[in-house]
Amino acid sequence: MLEAGAIVNKNDEVIWWHTPLDRSVIALPDNADLWTKFWDNRSSVGGFAHTHPGKGYPLPSLTDVTTFNAIELGLGTTLYWWILSEDRSIVLYRPRLQVPYELTKLGTCPNWAAELRTKSQYTQEKQP
């Protein structure tokens, strides 16, 4: 399993799948492509979703929260932040910048969630 992400527009449609080559089980690095997609779509972006390994309700890491904050400050608006595990999901949101994130929807899985989970699957081929 490798973490994967998706930028989602305000109509709950995926704008861009974030599956960089340097992602891992525990990290989904940001990069220039991700920042460019956020900026180029700033008028229509509604949020970002990413996966965490394992089952159960996922919790945001400190890296997640600082990245969410940086993206929102850069864009000047708040967004929805989905985190999906193998079988559960959460959504974080804050009504305005500079206030804490709140858990807004527990277990809500949009129509693109299955594809995001599929993009997170990883099967290591044995080397000879």
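Predicted model: local features only at pLDDT ≥ 70, side-chain atom pairs only at ≥ 80, totals over all residues.
Skipping neighbours within four places in sequence, I7 is in contact with E13, V14, I15, W16, L34, K37, F38, V45, G47 and F48.

Now zoom out to the nonpolar core around that spot. I7 is one of the residues with the most contacts inside the largest nonpolar core, along with F38, F48, L79, W81 and L92. That core has 16 residues. Helix 2 gives the largest share, 3 residues. Apart from this core there is another, made of 9 residues, including V8, L84, V91 and A113.

Next stop: the charged pairs. How many salt bridges are there? The count is 3.

Select E72 and R94, whose side chains meet with N and O 2.7 Å apart. E72 sits in helix 2 and R94 in the loop between strand 5 and strand 6 (102-106), so this pair ties together parts 22 residues apart in sequence. Buried or exposed, what is E72? E72 is buried, at 0% relative accessible area, and R94 counts as buried too, at 4%.

Then click E86 and K55, with their closest N and O atoms 3.9 Å apart. This bridge links two loops, so parts 31 residues apart in sequence are tied together. E86 is exposed at 51%, and K55 is exposed at 61%.

Finish on helix 3 (residues 113-120), where K119 and E115 lie 4 residues apart, about one turn of the helix. Their side chains form a salt bridge at 3.8 Å, N to O. K119 is partly exposed at 27%, as is E115 at 41%.

Conventions:
Residues numbered from 1 in each chain as written. Heavy atoms only, no water. Core = buried A, V, L, I, M, F, W, Y, C linked by side-chain atoms within 4.5 Å. Buried < 20%, exposed > 50% of the residue type's maximum accessible area, 1.4 Å probe, protein only. Contact = heavy atoms within 4.5 Å. Salt bridge = Lys/Arg side-chain N within 4 Å of Asp/Glu carboxyl O.
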